[in-house]
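Hi there,

Here is the structure I promised to pass on.

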Amino acid sequence: MSPWKRRLPLTAVGLAALVAPVLSVPPATAGPVPSRRTARPWDAYNLSPRTRTVRPVAIYNTNGTVTDPSAVLTDGRTRLSGAGSYVTLDFGKDVSGLVTLHFAGSDGPQRVGLAFNESPDYVGTNSDTSTGGPRSRDGVLYVDVDGPTTYTMPAKYLRGGFRYLTVFLDSAGSVDLDGASLHFTAAPAMKHPADYANHFYSSDPLLNRIWYAGAYTMQLNTIDPKTGRVWEPPADLWDNTGDVGVGDTILVDGAKRDRTVWPGDLGIEIPAAYAAFGDTVSARNALTTVYQHQRDTGELPYAGPMLSKYGSDTYHLWSLSATYDYYRYTGDTAWLASVWDAYKHGVDYSSAKVDANGLLSITGTADSVRILAKGENLIANVLLWRVLSTGSELATTRGDTALAASYASRAAALRTAIDANFWDDAAGAYKFYPTSTIHPQDGNALAVWYGLAGQDKALRISKTLTGNWNDVGSTAPENKGNPGVFSGSMEVNAHFAAGGSAADQAGVDLIRRQWGYMLTSPHGTQSTFWESYRAGESCVFCSTYVSLAHGWATGPTPALTFYVLGVAPDSPGGRTFHFVPHPADLTFTEGRITTEYGPVDASWRVDHGKFRARLTAPRGTTGRAGVPTFGGKVRVLVNRRLAWTGTRATAYGAHADGDYVYLEGLRGGHYTITSERVGER
């Protein structure tokens, strides 16, 4: 009897629901739910498996002589007869791990091949590419079958990201396949992969799907650091037994590849992992790994082990910037102390490259999707400004007031130099280089997201960036006008950070347009977000090497939590936090972040101009809430107590700026906040 006989069969209805790639898919189609006594509406969007054992849900296609191809899905016998015959198993989403196959029997000794692919564009009897080097395909694994046989992939051949598994006969006889499963290896520190610490749920099913697809993408990019990519590439096949960092869980750049710590990606991954899972341990291990490989000069690596690349001024700065992100989410003073000397050495390394114009002039030109020109580059200067600004806060935490003042002063001077040399008032955006006619997506988005651009500039940049959109997303003028995915993640957050209803709507619209395209495209996995893609060509990826589950593409997940829901920590560890919704055209949203003090639960609803919100915060925390005015004069009540009359405060230090009425000092507890319009301004 097959070892799979004890499980319940997947019904035809369940199968169809799991794999239907429809834009307006109702929640029930999104995947399995966590093992809880009572399912919540957002659980239906959760793509993560309930257990570590995952099984295919459909047959994608067959070739040659295949008898009863779908039988294997319900533990029956699927027979392959004749060399070249194959069945492609569809897991319904991108997955990661080690495959086990069971064969009920064979017509004498036979050889069976296994090929793995993320995109249906490349499905067949060869795997897509994860190794790098000169090969365009990774090859296949072979199994010797002689009668009843159970085969489990060796650990070194762990496949980091695939949706489709093609099982083919490489000999002239026949085999009966009656079982297929995967041991899911992503997010190794999570006992139950589908049991998220946080959640997001809104009136828009597509946004809900995108939040959870981003979370799932991040989960696939969270690995055991002893399962990274071996480098240099092996002579044949692939090898995922590389030691890429410390600890037992770490953030890497891609599920299929590179399975390596890339510091630039951490700028998106750390907020995304925190927003989805409250996971900061994986971020700490990634950053610790980077600092352990700092050179004597102070330079931090462009990529961690086993790639161990150097030569990027921007990625060096991303590591320093991400250090603040980790500390903001955790308040981990012990860890900060352990890397503080290395951090300062890293700041000094970049500061030494500041030229007579007061700008960072880069010499390490490696970057995300292109090689930069040497000189005064926008994104490098924005990153240095953020490092100096946040470094001042970190220095204060360390008790070094003199260094804090120095960093703050240098940040102010750099901001002045950036505005003087990069700002193009006619274009309403910053230039790529001071003499360039290009207005880049990445540097402009970061200038807004990180707060370098004042509000007037931020709103103008937001509007300028929307002019770069096409049917499938935002484009990066600095990258030949290709769709920006890493830089697009920056742009999404920038629109919300710019403030104002038009910018908020731009943020929501871009998420729907670009991430909705990636999520529903028949070329992708319908479950994860991509490293890159192209528009206006005969191919979407034009390479089997492109990763379709890439951490730097997950920007909408933190954006939807921190801005649309509106909850994010302010002080390290979340002792103070804010709840300031950016509703755009949504009618309700609810969700959670998990701070070092416990969960913060929030929800809001808009109904015919009336706003109602609920907030529950843990003991020891203090919140700041913002109530949208929607362009009118409103009165605000907190737990039925009047806090704002429409013109003056009566409680909670209420004050207004035209867009919001702010409430201060909301100590841990339960709050109901309501507003209603009392007249036009």
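Two strands count as paired if DSSP finds at least two bridges between them, and strands (E, at least two residues) and helices (H or I, at least four) are DSSP runs numbered from the N terminus. Strands E21 (residues 632-638) and E22 (residues 641-644) are antiparallel and joined by three bridges. Val638 has Arg641 in E22 as its bridge partner. The two strands make a hairpin with two residues between them, and Asn639 in the turn has a positive phi of about 50°.

Before you go further: this is a predicted model, where local features need pLDDT of at least 70 and side-chain atom pairs count only at pLDDT 80 or more, while totals for chains, interfaces and linings use all residues. Residues are numbered from 1 along each chain as its sequence is written, and side-chain values use heavy atoms, with hydrogens and water left out.

In total, the structure holds 28 salt bridges. Elsewhere, Arg512 bridges to Asp509, with the closest N and O atoms 3.6 Å apart; both are in helix H12 (residues 501-520), three residues apart, so about one helical turn separates them. A network of salt bridges links Glu118, Asp128, Asp138, Arg159 and Lys256.

Happy exploring!

Methods
A salt bridge is a side-chain nitrogen of Lys or Arg within 4 Å of a carboxyl oxygen of Asp or Glu.
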